[in-house]
There are 2 protein chains.
Amino acid sequence: MGILERKEREKEHRREEIIAAAQSIFLDKGLQLATMDEIAEAAELSKGTLYLYYKSKEDLYLAVVMRGVEIMYELFKRATSTGEPVMKLISNLGDAYFEFFKNNWQYFRMMYFRDNPRLHQQVSSEMLNVCLEQDRRVWKLVIDLIQRAIDEGYLQKNISPVQAGIILWSNSTGLMRQMDRGDNYWQEQMGVNLEETLRLSNALLLDAMMTEKAKQEYPSMVI
Amino acid sequence: MGILERKEREKEHRREEIIAAAQSIFLDKGLQLATMDEIAEAAELSKGTLYLYYKSKEDLYLAVVMRGVEIMYELFKRATSTGEPVMKLISNLGDAYFEFFKNNWQYFRMMYFRDNPRLHQQVSSEMLNVCLEQDRRVWKLVIDLIQRAIDEGYLQKNISPVQAGIILWSNSTGLMRQMDRGDNYWQEQMGVNLEETLRLSNALLLDAMMTEKAKQEYPSMVI
DNA sequence: TTAATTAATGACTAACAGTTATTTATTGAG
DNA sequence: CTCAATAAATAACTGTTAGTCATTAATTAA
């Protein structure tokens with residue numbers, strides 16, 4: 001009874017084709033300016049068919065966002081699998097996030113969607129759960145790494161690894177979003193280099209979190 | 001020739017009335033779900049009239065956002081005008097931002113709009129400039145305060161006040177946005193209290209920025 | 001009183017997300 | 001091979017909404 005399986009594969013394949021078409025449009029125009037008709041044309045399908053595979057425009061959008069998260073995950077995985085000492089890996093992880101931003105800023109922008117509760121109105125709960133699950137993967141990677149650094153005595157025990165993760169993440173994200181503004185406000189009006197500011201802020205946070213042992217072993221990370 | 005002036009006043013008044021109506025709708029429903037017809041009805045005007053006063057829905061939205069920024073500015077002004085020592089004022093400022101978030105989370109959400117370049121498509125350049133100008137006021141307040149702390153020898157000279165401001169701001173904003181998620185993800189799934197995390201991250205950053213003198217004079221701010 | 005100017009209206013258009021009745025393609029039984 | 005049943009895809013359609021514009025109402029100055 002291989003027919004059902006083949007059909008399942010073909011269905012999955014079609015879902016992927018639709019994502020690919022949606023991706024090219026969404027990355028280019030963003031959620032608001034992209035239209036389902038346009039995506040249908042790019043996918044060489046009718047609009048109705050799109051709705052056989054995805055419940056709403058927002059669902060389809062999130063499916064594309066998840067591809068971006070996948071890219072990010074792979075970058076993170078690679079950056080933390082070099083076998084280097086744990087504090088170096090944490091530093092690598094920060095760099096990897098910044099690399100992701102620089103090379104995939106369109107995906108980075110698409111992700112804005114995810115933390116605006118107002119925009120989630122049209123998203124199906126299934127899709128939302130799939131997203132949460134994928135998030136968890138990324139966060140597990142981050143948190144496990146920080147836990148390791150604590151266990152090895154490099155980061156202070158009184159800060160929970162989750163807290164440390166959120167703090168470092170929020171900080172980097174906030175600064176990269178400033179970089180992503182259309183204008184060059186900070187550079188031009190204020191004479192501030194945001195890339196340098198990002199490095200500084202990560203250094204400040206890590207410096208405040210590191211133990212004495214870490215500061216001795218990684219003098220280059222001390223400010 | 002007082003007639004022209006009166007007309008000018010009336011026009012300004014009408015603009016305010018429209019903002020008031022728009023505010024009640026936008027705070028409630030957000031940009032996407034609010035409709036211009038609905039706002040027109042709330043303002044007891046026809047939709048056409050709205051467009052005599054504001055160029056687009058997004059322009060009107062930003063006019064409302066600016067009221068939120070005004071509220072924030074006044075809170076910041078008050079928090080930093082108590083005559084207390086400068087490091088206490090910086091701490092007050094952080095608290096004031098958090099208070100703003102707690103008491104005006106709808107405005108806080110509306111402000112998401114401002115750093116998504118994709119959403120700005122429909123905004124007139126005039127409105128954008130007015131916004132930039134109002135931003136500058138808030139930032140001047142923050143940066144001047146930090147500059148004072150540097151001048152008085154409490155914050156390290158090698159960090160520019162603008163950089164310090166952006167870092168503290170990004171960090172707080174990022175964490176408050178996590179708090180603003182519909183779900184209680186961090187609390188429920190990860191057992192992390194975000195309010196505590198916010199305090200911690202601010203403390204970490206300030207600790208890393210403070211001079212020895214500051215740490216001696218403000219032992220409570222040392223971690 | 002009236003012509004001219006300004007303010008306001010509401011019917012209209014165009015665009016777009018999402019639906020549904022219909023058509024086309026595929027499958028499996030006789 | 002035929003044909004009924006099922007699945008996949010379509011395209012015309014609906015409802016909603018941002019934004020426009022021709023028309024009407026109100027105000028002003030001569």
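Biologist: How many salt bridges does a search of the whole structure find?
Modeller: The search finds 34 salt bridges over all chains. Keep in mind that this is a predicted model.

Biologist: What makes A:E16 and A:R67 a salt bridge?
Modeller: The N to O distance between their side chains is 3.0 Å. The cut-off is within 4 Å, for a nitrogen of Lys or Arg and a carboxyl oxygen of Asp or Glu. The pair therefore qualifies.

Biologist: Why say that the pair A:E16 and A:R67 ties parts together?
Modeller: A:E16 lies in helix α1 of chain A, and A:R67 lies in helix α4 (residues 57-79) of chain A.

Biologist: Why is A:E16 called partly exposed?
Modeller: Its relative accessibility is 34%. Buried means under 20% and exposed means over 50%, so a value in between is partly exposed. A:R67, at 28%, also counts as partly exposed.

Biologist: What makes A:Q23 buried or exposed?
Modeller: A:Q23 has 18% relative accessibility. The limit for buried is under 20%. A:Q23 therefore counts as buried.

Biologist: Where is A:Q23 found, and what is it in contact with?
Modeller: A:Q23 is found in helix α1 (residues 2-33) of chain A. Leaving aside neighbours within four places in sequence, its contacts are A:V64, A:R67 and A:Y107. A:R67 is also the salt-bridge partner of A:E16.

Biologist: How do you know that A:R199 and A:E195 form a salt bridge?
Modeller: Their closest N and O atoms are 3.7 Å apart. The limit is 4 Å, so the pair passes. Both residues lie in helix α10 (residues 194-209) of chain A, four residues apart, about one turn of the helix.

Biologist: Why does spacing along a helix matter here?
Modeller: An α-helix has 3.6 residues a turn, so residues three or four places apart point the same way.

Biologist: What makes B:D144 and B:K140 a salt bridge?
Modeller: Their side chains meet at 2.6 Å, N to O. That is within 4 Å, so the label applies. B:D144 and B:K140 are four residues apart in helix α7 of chain B, about one helical turn.

Biologist: What stands out about the phi of A:E44?
Modeller: Phi of A:E44 is near 55°, a positive value in a residue other than glycine. Most residues other than glycine have a negative phi. A:E44 sits in the loop between α2 (36-43) and α3 (47-53) of chain A. A:E44 counts as exposed because its relative accessibility is 72%.

Biologist: What about B:E44?
Modeller: B:E44 has a positive phi of about 55° although it is not a glycine. B:E44 lies in the loop between α2 (36-43) and α3 (47-53) of chain B. Its relative accessible area is 72%, so B:E44 is exposed.

Biologist: How do you know that the span of helix α8 of chain B agrees with its number of residues?
Modeller: Helix α8 (residues 161-179) of chain B has 19 residues. At 1.5 Å a residue, the helix should span 27 Å. The end C-alpha atoms are 27 Å apart, which agrees.

Biologist: Why is α8(B) called mostly covered?
Modeller: Of its 19 residues, 17 are buried. Buried means under 20% relative accessible area, so that is the test those 17 pass.

Biologist: What do chain B and chain A share?
Modeller: 50 residues of chain B are in contact with 50 residues of chain A. The two chains bury about 4,400 Å² between them, 66% of it on carbon and sulfur atoms. B:R118, B:Q163 and B:L204 supply 15% of the area that chain B buries against chain A, more than any other three residues.

Biologist: How many salt bridges and polar contacts are there between chain B and chain A?
Modeller: The salt-bridge count is zero. The rule finds eight residue pairs in polar contact across the interface.

Biologist: Which element gives the largest share of the side of chain B that touches chain A?
Modeller: α8(B) does, with ten residues. By class, that side of chain B has 24 nonpolar, 15 polar and eleven charged residues.

Definitions and conventions
Residues are numbered from 1 along each chain as its sequence is written. Chains are lettered from A and ligands numbered from 1 in the order in which they are written. This is a predicted model: local features need pLDDT of at least 70, side-chain atom pairs count only at pLDDT 80 or more; totals for chains, interfaces and linings use all residues. Side-chain values use heavy atoms; hydrogens and water are left out. Helices (H or I, at least four residues) and strands (E, at least two) are DSSP runs, numbered from the N terminus. The expected span of a helix is 1.5 Å times one less than its number of residues. Buried means under 20% relative accessible area, exposed over 50%, partly exposed in between (1.4 Å probe, protein chains only). Contact means heavy atoms within 4.5 Å. Buried area is the accessible area (1.4 Å probe) that two parts lose on being put together, summed over both. A polar contact is a pair of N or O atoms within 3.5 Å; within protein, one must be able to donate a hydrogen and the other to accept it, and residues adjacent in sequence count only if both atoms are side-chain atoms. Ala, Val, Leu, Ile, Met, Phe, Trp, Tyr, Cys and Pro count as nonpolar, Asp, Glu, Lys and Arg as charged, and the others, Gly among them, as polar.
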